[in-house]
Amino acid sequence: MRIHVPKEWELPESSVTPESAYAARDRRSFLKTAGLGLGGAVLLGRRASAATTGLPPVDNPDFLAGALKVTPYDLATSYNNFYEFGTDKSDPKEYANDGWEPEPGWSVEIGGLVANPGKWDVEDLVKKMGGVEQRVYRHRCVEAWSMVIPWDGFPLARLVAFAQPRRESRFLKFTSFLDPKHATGQQQGNLDYPYIEGLVLPEALNSLAFIATGIYGKPLPNQNGAPLRLVTPWKYGFKGIKSIVKIEFTPDMPVNTWRKMAGDEYGFFANVNPNVDHPRWSQASEKVIGGGGFFGLRQPTLIFNGYEKQVASLYQGMDLRKFY
Amino acid sequence: MSWLERLLRSKVFVVSLIVLPGLWPAWPILRGDLTVLADPGKYLLHHFGFVACILLATVLSFSPLRVLWPRWAVAQALNRHRRLVGVSAFVYAAIHLGFQFLHENGWPTFWKDIRKPFLLVGMLTFLILLVLAVTSLKVAIRWLGGRRWKNLHRLAYLAAALAAYHQAAARKLFPVQVVWIFGPLLALEIARLARQRWSAAKPAPRAGA
């Protein structure tokens, strides 16, 4: 039996915005229907529920949905790549919720070339990061499909500052969990586990780099990488390592799992780039998940997934064809 | 005549077996399976390609079954349906290609992607199946003559090999289904070749002789 132990910073279910109101994404009409008037502003801030360290999660005004059409929650939590639980899109939802319990008691180790190494309970760590904000990001999978996800979490830069990297540290190496007993994909050995990902330190310090502890104002579902995962919206989805247990600061470039698996197809940087194809398919456009209609919507893929302004300077002078 | 043989000889039964997988997608779509509804077009695309592969592997296994077990009634029954199953493989492949066109939302992306080896190979497979389907008509057999027709239709084996590659390359990791779809066919073909080599060296006595 699954017993849900509410975290001290979790809000009761009753305070969660109904999905329909959330999906409307129209603040004003939402407030009107809620009949909240001025008092609504207070409630608005508390809209998101979990992974919030007791502080109300705040919408980051720089990353509101705006013109982006947020993917329905049901689709974002039913169409997943999390090979630890199988390679079919439906596998993670089914098998990550079948005996695998990432919480409570999940701890994250921060180590390597840092002045402040240690192992923290995920809840304590989130608290130390000083609260949770919500950002709506585009999400582009290397398989040429995309979503728009409201993530709740904190900037990775805050965690880097907390760890206090030494001068020799140039990379971050992220390691995911290893639990073949519960993770069917790890049993099959479909990839080399545990899953590894990495970033160059300046990438981790970029304001877009984010650690998510929730989506749509709810705790991260298991299939989306509970209890915390990396989000780098200008990179292909596989860089967004799920269910992180260890973050190390290293002098050398870590070998990320997909690169190890097929280095000619998946690189270290994995920046979204419509001009650099996957050897087996084009990256010039993408299928919008939940884009409507049977054959849906296909839209052109943007360089750095539309975040060129924020990240292009990181790769100045770099041959993006070579460093894919 | 065993019940299985009688069943397998029935055209209605075989046609039903072939049509049912085409109707299958209605089930998850009507049930509202979210993983399917996230991108129904891609689901249909993969499903019809998958069925085409199964039918292609199935029809090619009929003749080695007959060579290996010439007196097995089931093998004889199955071989009555070679054209039907073969043409069905083509029909499923054609629908699969049509769905690919729709999935790509039209010419520009379709044209761009078709240059990728894995999609090019898929296209080539389809073209082979198209030629074989067209020449499966009695008129074509008469026009080509038995030997030429037979040689032409050996291209089906090439199509199977290409389809196996195409299917394997469609996913990020090697999909195990390729093994269970094409593995048995490969085993049967190896067994048939071994058997033919063996009987060429030492002609087997004819039944009843």
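Let me start with one residue: leaving aside neighbours within four places in sequence, B:Leu56 is in contact with B:Ala89, B:Ala159, B:Ala160 and B:Ala163. In contact here means that the C-beta atoms of two residues, placed from the backbone, lie within 7 Å.

Before going on, the ground rules. This is a predicted model, where local features need pLDDT of at least 70 and side-chain atom pairs count only at pLDDT 80 or more, while totals for chains, interfaces and linings use all residues. Residues are numbered from 1 along each chain as its sequence is written, and chains are lettered from A and ligands numbered from 1 in the order in which they are written.

Back to B:Leu56. Together with B:Ala52 and B:Ala89, B:Leu56 touches the most other members of the largest nonpolar core, which has 98 residues. Helix α5 of chain B, residues 40-68, gives the most to this core, namely 13 residues. Another core, of 6 residues, lies apart from it, and includes A:Phe85, A:Tyr95, A:Ala96 and A:Ala183. A nonpolar core is a set of buried Ala, Val, Leu, Ile, Met, Phe, Trp, Tyr and Cys residues joined through C-beta atoms within 7 Å. A residue is buried if 20 or more other C-beta atoms lie within 10 Å of its own, exposed if 12 or fewer, and partly exposed in between, with C-beta atoms placed from the backbone.

Now chain B as a whole. How many helices and strands are there in chain B? There are 13 helices and 0 strands. Both are DSSP runs, numbered from the N terminus: helices are H or I with at least four residues, strands are E with at least two. Chain B has 209 residues, and 30% of them count as buried. Its C-alpha atoms fill a box of roughly 65 × 40 × 40 Å along the principal axes. Of the contacts in chain B with a separation of 6 or more, 72% are between residues 24 or more positions apart.

Is B:Thr125 buried or exposed? B:Thr125 is buried, because 26 other C-beta atoms lie within 10 Å. B:Leu20, found in helix α2 of chain B, residues 11-23, counts as exposed because it has 10 C-beta neighbours inside 10 Å.

B:Thr125 sits in helix α9 of chain B, residues 117-134. Not counting residues up to four places away in sequence, B:Thr125 touches B:Ala159, B:Leu162, B:Ala163 and B:His166. That brings us to the helix pair. The axes of α9(B) and helix α12 of chain B, residues 155-169, come within 9 Å and cross at roughly 150°. Axes are lines fitted to C-alpha atoms, for helices over the stretch in contact, and angles run from 0 to 180 degrees between N-to-C directions. The two helices are therefore roughly antiparallel to each other; angles under 35 degrees count as roughly parallel, over 145 as roughly antiparallel, 65 to 115 as roughly perpendicular and the rest as oblique.

Last, the other chain. In chain B, 18 residues are in contact with 22 residues of chain A. On the side of chain B that touches chain A, the elements giving two or more residues are α4 (34-37), α5, α7 (82-103) and α8 (107-113) of chain B.
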